[in-house]
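Dear colleague,

I am passing a structure on to you, and the notes on what was found in it follow directly below. Please read them beside the model itself.

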Number of protein chains: 2
Amino acid sequence: MSQTTFGYLTEENAPLFTDLYELRMLQAYLNQDHNPTATFSLFVRDLPPNRGYMIAAGLEQAIHYIETLSFGERTLEYLAEEGFDESFLSSLSEFEFTGEVRALPEGTPVFANEPLLEVTAPIAEAQLLETALINQIGYQSLIATKASRMRDVIDRNGEGQQLIDFGSRRAHGTDAGMKAARAAYIGGFDGTSNVAAGEAFGIPISGTMAHSWVQSFEYERDSFETFVDEYGDESVLLIDTYDTVRGAEIAADVADEKGAAIRGVRLDSGDLAALSQDVDEVLPDVDQFISSGIDEYKIDDFFERDGVGAGFGPGTALVTSTDAPKVEGVYKLVATERDGEMRPTMKLSAGKVTYPGEKSVRRTESDGQYTGDVVGLRDEDLPGEEQLVTVIDDGERVIDLPDLEAIQERGREQRLKLPEKHRDIEDPEPYDVRISDELQAETEALRQELESRRPA
Amino acid sequence: MSQTTFGYLTEENAPLFTDLYELRMLQAYLNQDHNPTATFSLFVRDLPPNRGYMIAAGLEQAIHYIETLSFGERTLEYLAEEGFDESFLSSLSEFEFTGEVRALPEGTPVFANEPLLEVTAPIAEAQLLETALINQIGYQSLIATKASRMRDVIDRNGEGQQLIDFGSRRAHGTDAGMKAARAAYIGGFDGTSNVAAGEAFGIPISGTMAHSWVQSFEYERDSFETFVDEYGDESVLLIDTYDTVRGAEIAADVADEKGAAIRGVRLDSGDLAALSQDVDEVLPDVDQFISSGIDEYKIDDFFERDGVGAGFGPGTALVTSTDAPKVEGVYKLVATERDGEMRPTMKLSAGKVTYPGEKSVRRTESDGQYTGDVVGLRDEDLPGEEQLVTVIDDGERVIDLPDLEAIQERGREQRLKLPEKHRDIEDPEPYDVRISDELQAETEALRQELESRRPA
């Protein structure tokens with residue numbers, strides 16, 4: 001066990017971040033000489049509640065994982081202890097991904113039953129990726145979506161207010177803290193308070209002071225003066241430690257006295273819309289940054305009630321996507337080789353039926369607005385623009401990775417092409433995703449074939 | 001930017017996993033020569049919905065973070081680019097924690113307003129820890145609590161059924177996947193499907209097969225035969241790919257034919273309680289493992305409806321604590337040195353008032369059952385057993401870290417000492433946590449003093 005600053009996952013043992021059953025199946029696929037080419041499709045069966053769309057994110061990390069996955073000594077030793085056999089471990093030590101991956105570029109709106117990603121490879125290879133791919137793409141897509149909803153409310157009702165991720169402390173662990181900052185940026189945020197995410201992803205970082213700064217002085221005024229002595233015009237003062245409006249008055253005095261044009265104040269409690277109006281009377285030329293329980297619903301309400309703010313700092317609600325904290329990404333076998341041909345496959349499990357076959361996702365638009373999607377078979381002749389892009393072929397990455405700015409811009413453009421009725425934050429009208437006639441027919445034929453095998 | 005398997009957080013940049021404002025305050029504390037001794041208290045203001053208690057977890061990682069936190073070249077370079085000044089960065093390069101930490105041992109039941117941890121140190125040191133401590137302790141406590149609720153339902157209504165964490169794929173990132181496995185074990189789980197967590201923490205790992213295994217064969221029967229060829233008596237067969245009861249019949253045939261006493265079957269869809277009874281008719285001597293949407297409510301319902309199962313595999317609901325995905329841990333300044341003495345401090349922010357002063361948490365019991373807690377001042381004379389333990393003193397760890405088995409056992413024992421009425425999963429009766437008279441008086445006096453400073 002090698003402990004790192006925040007845990008135990010290092011380059012050495014990261015390949016073990018998978019469910020045991022993947023490795024159990026892998027051993028059986030190889031030892032039993034049953035390793036046909038297979039296609040897996042990663043998708044969600046339903047959009048999370050209140051969501052009219054999701055924003056795809058996490059592909060860069062998914063690609064990196066696939067490109068670099070390999071098993072070193074430490075992982076093999078552990079697996080030997082756990083009873084895996086030598087010949088399998090010897091194969092595993094030579095593992096590398098040799099197949100094809102098609103995916104939705106990050107920033108693309110996506111709907112239920114549309115593949116975010118499809119992997120075609122010998123089944124042992126494709127199978128192994130399941131746990132990590134769902135983990136990485138599911139969470140980032142969840143958060144990019146949450147962020148996009150907040151940016152969308154501002155685009156519709158606000159004045160371009162800043163959105164800064166304040167969530168690191170409440171994220172589910174450190175990886176979530178990092179990925180939330182990245183995904184929020186994709187969804188339209190301007191920055192993060194998380195310094196490590198700033199360093200790692202080149203996202204602008206932002207931060208002011210905490211109540212502890214104010215409390216550590218006998219008088220609030222002293223705390224403001226000392227901060228302005230250090231940061232001058234860059235100062236953003238937190239004014240709600242004792243009384244928000246009084247805090248604003250003291251901030252105004254201090255700025256005056258120090259001859260500093262302080263950059264802003266932060267409000268972090270109480271009736272934020274009402275207080276922001278009061279503070280605006282005291283400090284009409286100073287930006288107000290609004291935090292505490294911020295999400296798309298609160299931002300909407302803030303505008304509705306004529307709150308005055310230059311920026312918002314969503315935290316917990318952003319990084320845990322509190323109103324919809326799970327996205328049940330699945331990675332399902334949809335086709336497998338038999339007698340030299342790819343054959344569609346599906347399961348019939350109650351409530352969990354899947355559409356068989358390698359897919360195509362086509363999107364049509366008219367007058368710059370999306371009009372609907374059709375999900376069909378990969379080789380089918382369908383209208384609209386293909387959304388799935390080949391990102392890995394013969395095990396090699398075949399695209400350049402876009403930078404975060406470009407992904408954010410793609411997300412913005414494509415979100416705005418979604419008719420507004422699908423972007424409502426509480427009761428969005430479902431976007432039209434049609435299953436193609438051929439895919440419907442294929443599904444029905446396969447279902448009948450599979451059901452016919454059961455004794456009456 | 002150095003990319004790792006799942007992201008970007010390495011030993012080199014992990015110290016930057018903090019909010020920018022912590023570092024901004026740090027620079028100002030040091031440059032402005034304002035670095036009094038301070039005490040911060042980490043607690044939750046409210047238990048999450050439906051929770052009558054929480055289980056403290058994550059302390060081992062918190063201690064490790066505090067013990068090892070230091071800033072290397074890469075972090076200092078980035079901070080210089082971001083405008084921090086040279087003299088501050090020079091101090092930061094020598095950062096080490098020199099203070100005291102008191103905390104609730106992992107596995108301890110904890111309630112609103114009770115410190116999970118208190119840090120006393122020069123304010124610059126204590127301040128810096130905030131983001132990471134809340135992140136690590138908040139999430140693990142959330143999940144240990146969720147797990148403990150499932151184990152408690154089994155203890156009350158079941159027959160010692162196994163609980164295995166199946167959540168890695170749906171956790172919010174990889175750190176959450178790892179920590180959920182650890183925290184679930186603390187809460188009373190028996191194992192995890194996450195191989196990396198098995199390797200890192202020594203938790204038993206568990207896994208069977210996915211639907212893709214079954215679908216990759218033309219006939220379900222072939223898939224079962226091949227798996228039994230590989231794993232013999234160890235085989236656990238997933239029987240719901242096409243039709244659960246039919247799957248059970250095929251499993252029975254295959255076991256018979258191969259002369260293997262298969263270990264179990266897994267049910268993953270449909271009306272699990274009803275199906276498990278049907279499967280029990282077909283395979284009376286085979287263990288059934290139940291997965292798909294499992295949480296404490298589903299387990300309770302499963303028992304209510306006489307389901308037959310030897311184990312459960314909760315996934316998403318466990319690792320995202322779906323019914324209560326956030327725990328708003330806060331880290332508040334409660335005392336600060338002034339004129340050579342520690343003085344209590346508090347904020348008055350609307351809805352976010354804190355209790356001032358270093359704390360004591362005392363727990364009383366009678367006939368082996370807890371009867372209530374009192375939260376008071378550290379130096380107060382109070383009844384009951386002190387729950388906060390000094391874990392770091394003068395910057396050095398002063399306790400031995402218990403192993404996971406011991407923590408799990410502590411969690412079990414102490415949970416069972418909580419009267420059952422506080423453990424109800426839907427409407428628990430609040431446990432009695434009294435604020436001591438002295439702490440009440442201190443709070444009131446300080447509030448009046450602070451309010452008297454506002455002009456009428």
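This is a predicted model: local features need pLDDT of at least 70, side-chain atom pairs count only at pLDDT 80 or more; totals for chains, interfaces and linings use all residues.

Where in chain B is the place of Thr18(B)? Thr18(B) sits in the segment before helix H1 (20–31) of chain B, where helices (H or I, at least four residues) and strands (E, at least two) are DSSP runs numbered from the N terminus.

Residues are numbered from 1 along each chain as its sequence is written, chains are lettered from A and ligands numbered from 1 in the order in which they are written, and side-chain values use heavy atoms, with hydrogens and water left out.

The chain as a whole

Chain A holds 16 helices and 19 strands, and its C-alpha trace spans about 85 × 55 × 45 Å along the principal axes. Of the 456 residues in chain A, 64% are buried, a term that stands for under 20% relative accessible area, with exposed meaning over 50% and partly exposed the range in between (1.4 Å probe, protein chains only). Among the contacts in chain A with a separation of 6 or more, 73% come from residues 24 or more positions apart, contact meaning heavy atoms within 4.5 Å. Chain A exposes about 15900 Å², of which carbon and sulfur atoms supply 41%, the areas being computed by the Shrake-Rupley method with a 1.4 Å probe.

As for charge, chain A has 41 positive and 90 negative charges, whose mean positions are 5 Å apart; Lys and Arg count as positive and Asp and Glu as negative, without His and the chain ends, and each charge is placed at NZ of Lys, CZ of Arg, CG of Asp or CD of Glu.

Chain A is divided into domain 1 (14–142 + 325–452) and domain 2 (156–319), with bounds from an automatic or database domain assignment. The C-alpha centres of these two domains of chain A lie 39 Å apart, and 20 residues of domain 1 of chain A are in contact with 17 residues of domain 2 of chain A.

The two copies

The same surface serves both copies, since 99% of the contact residues of chain A recur in chain B.

Residues where the chains meet

Thr18(B) is buried, with a relative accessible area of 0%. Not counting residues up to four places away in sequence, Thr18(B) touches Ser193(A), Asn194(A) and Val195(A) as well as Leu23(B), Leu128(B) and Thr131(B). Its C-alpha atom is separated by 9.8 Å from that of Asn135(B), 117 residues apart along the chain.

Tyr21(A), placed in helix H1 of chain A, counts as buried at 11% relative accessibility. Apart from neighbours within four places in sequence, Tyr21(A) is in contact with Glu130(A) and with several residues of chain B, including Arg169(B), Met209(B) and Arg266(B).

In helix H3 (residues 73–81) of chain B, the buried residues include Arg74(B), Leu76(B) and Tyr78(B). What covers the buried residues of H3(B) includes helix H8 (195–201) of chain A, together with H1 and helix H4 (86–93) of chain B.

Other local points in chain A

Thr244(A) lies in helix H11 (residues 244–258) of chain A and counts as buried at 7% relative accessibility.

Most residues other than glycine have a negative phi. Asp33(A), however, has a positive phi near 55°; Asp33(A) is found in the loop between helix H1 (20–31) and strand E1 (37–44) of chain A, and is exposed, with a relative accessible area of 72%. Asn50(A) also has a positive phi, near 70°, and lies in the loop between E1 and strand E2 (54–55) of chain A, partly exposed at a relative accessible area of 30%.
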